[in-house]
Amino acid sequence: MKYLDEYRDGDVAGKIVAEMRRIQTRPWVLMEVCGGQTHSIVKNGLDQLLPEGVELVHGPGCPVCVTPLEMIDKAHAIARRRDVIFCSFGDMLRVPGSDGDLFTIKSEGGDVRVVYSPLDCVKIARANPARQIVFFAIGFETTAPANAMLAWRAREEQMANVSLLVSHVLVPPALEAILASPENRVQGFLGPGHVCAVMGYGEYVPISARHKVPIVVTGFEPLDILEGTLMTMRQLEEGRAAVENQYSRVLDRAGNLAAQKLVGKVFEVGDRKWRGIGTIPMSGYRLREEFARHDAERLFDVAEIATLEPEICISGEILRGIKKPHDCPAFGTLCSPQHPLGATMVSAEGACAAYYAYGRHLKPQGRDALHQIAGGTRPAAGGALWGDAGRA
Ligand code: SF4
């Protein structure tokens, strides 16, 4: 299948890893930014293929994971109202708040609906003029244009019964926060392919220059990730720090200018709390004042909701690349996808959920995938060469 099979070739993977071995002179710690990349790495056992001393740590780019618990609780408070039809993408329905999830609310009579596009809410609003239609607008820059389009249409068509509960986060301020931390271990980034497809990669150039870190915008298939890792290592070995584009079949430096223009008209940048990390200045989008009548946080009385995360959870350190799921005493025991305690277990794209899904709670970790490069066969647990890559 074009654009898939050629990016899952075990022989090519072996050659890329051999080249890593040839150029490597010392250990390196690299971070893949996206949850989709983390999923692909764990599913395909890519971290186990890398040369000894080349470590991939998992970044904050899982939108469900970093949506704060209080925002989930706000969504639930709104969804429980009888005058509301609460609309969301499916992945938010099983994310637990302090008291159940959206499935629970639906089973108790709440009108919770899964939509496949934010614009589905326009149709629902027209069919239900006496109800309030609220869309849960979460995610990174990738989903912002479609969410902005809903707010734009609602305002243009004067649909007083459409609003958005917005919890958008931005990647560049998160990378800055990781690099500025005294505990930082990250020496180079595999940059966020899907985010850069919208935003381009120009805004990463000053970050790379300021912190002297290579940033290689990378795709999601196994060979994308191995090639991105090699390109990052090559920069580090040569003492360079620049932004490079491994994912050139999808994106360029400028990104999608029409989408950026729409996002700029609807949203403004403000401080945003990240689940597991805390507040990062100027790291999120909120609706501009012109869209206030479509802002669910202003329309419904949910501003004061506050929550506490379980003390045992170290997801904040995982999202900053300081620790890994195995370092958490609750991983696979007290905490699982069925009973998630923290941010990185709540979404399938989260690092803890990915480790769990591919059996890394069942057996000791090793470098046992190495022998499988050439054959491209699928290990039973701990990694899978070359299955479907995860979405970003
Ligand atoms: S395993 Fe659960 S409790 Fe531990 S860090 Fe991951 S999400 Fe938090």
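# Close-up views of a predicted model

Figure 1. Strand 3, which spans residues 84–88, is mostly covered, as five of its five residues are buried. A residue counts as buried if 20 or more other C-beta atoms lie within 10 Å of its own, as exposed if 12 or fewer do, and as partly exposed in between, with C-beta atoms placed from the backbone. Helices (H or I, at least four residues) and strands (E, at least two) are DSSP runs numbered from the N terminus. The structure is a predicted model, in which local features need pLDDT of at least 70 and side-chain atom pairs count only at pLDDT 80 or more, while totals for chains, interfaces and linings use all residues. Residues are numbered from 1 along each chain as its sequence is written. Both faces of strand 3 are covered: Val-84, Phe-86 and Ser-88 are buried on one side, and Ile-85 and Cys-87 on the other.

**Figure 2. The partners of strand 3.** Two strands are said to pair if DSSP finds at least two bridges between them. Strands of a sheet pair through backbone hydrogen bonds, either parallel or antiparallel. Strand 3 is joined by four bridges to strand 5 (residues 132–139), and the two run parallel. Within this pair, Ile-85 stands opposite Ile-133. Four bridges also join strand 3 to strand 4 (residues 111–114), again in parallel. In strand 4, Arg-113 is the bridge partner of Cys-87, and Val-114 is that of Ser-88. Together with helix 6 (residues 102–107), strands 3 and 4 make a right-handed β-α-β unit. Right-handed here means that, with the strands pointing away from the viewer, the path from the first strand over the helix to the second runs clockwise.

Figure 3. Six strands form an open sheet in the order 4-3-5-6-11-10, with mixed pairing. Strand 4 and strand 10 (267–274) stand at the edges with a single partner strand each, so one side of each is left without a neighbour in the sheet. From one strand to the next, the twist averages 25 degrees. Helix 9 (residues 171–180) lies across strand 10 and strand 11 (278–287), and runs at about 175 degrees to strand 11. For such angles, axes are lines fitted to C-alpha atoms, for helices over the stretch in contact, and values run from 0 to 180 degrees between N-to-C directions.

Figure 4. Strand 7 (residues 188–192) and strand 8 (residues 215–218) run parallel and are joined by four bridges; in strand 8, Thr-218 is the bridge partner of Pro-192.

Figure 5. His-294 lies in the loop between strand 11 and helix 14 (296–299). This histidine is buried, because 25 other C-beta atoms lie within 10 Å. Two residues are in contact if their C-beta atoms, placed from the backbone, lie within 7 Å. Leaving aside neighbours within four places in sequence, the contacts of His-294 include Ala-151, Ala-154 and Leu-164. In helix 8, Ala-151 and Ala-154 are among the buried residues. Helix 8 (residues 144–156) has 13 residues and reaches 18 Å from its first C-alpha to its last, close to the 18 Å expected at 1.5 Å a residue; the expected span is 1.5 Å times one less than the number of residues. Just after helix 8, Gln-158 takes a positive phi of about 50 degrees.

**Figure 6. Val-95 and its surroundings.** Val-95 is found in the loop between strand 3 and helix 6. This valine is buried, because 23 other C-beta atoms lie within 10 Å. Not counting residues up to four places away in sequence, Val-95 touches Val-64, Ile-72, Asp-101 and Val-346.
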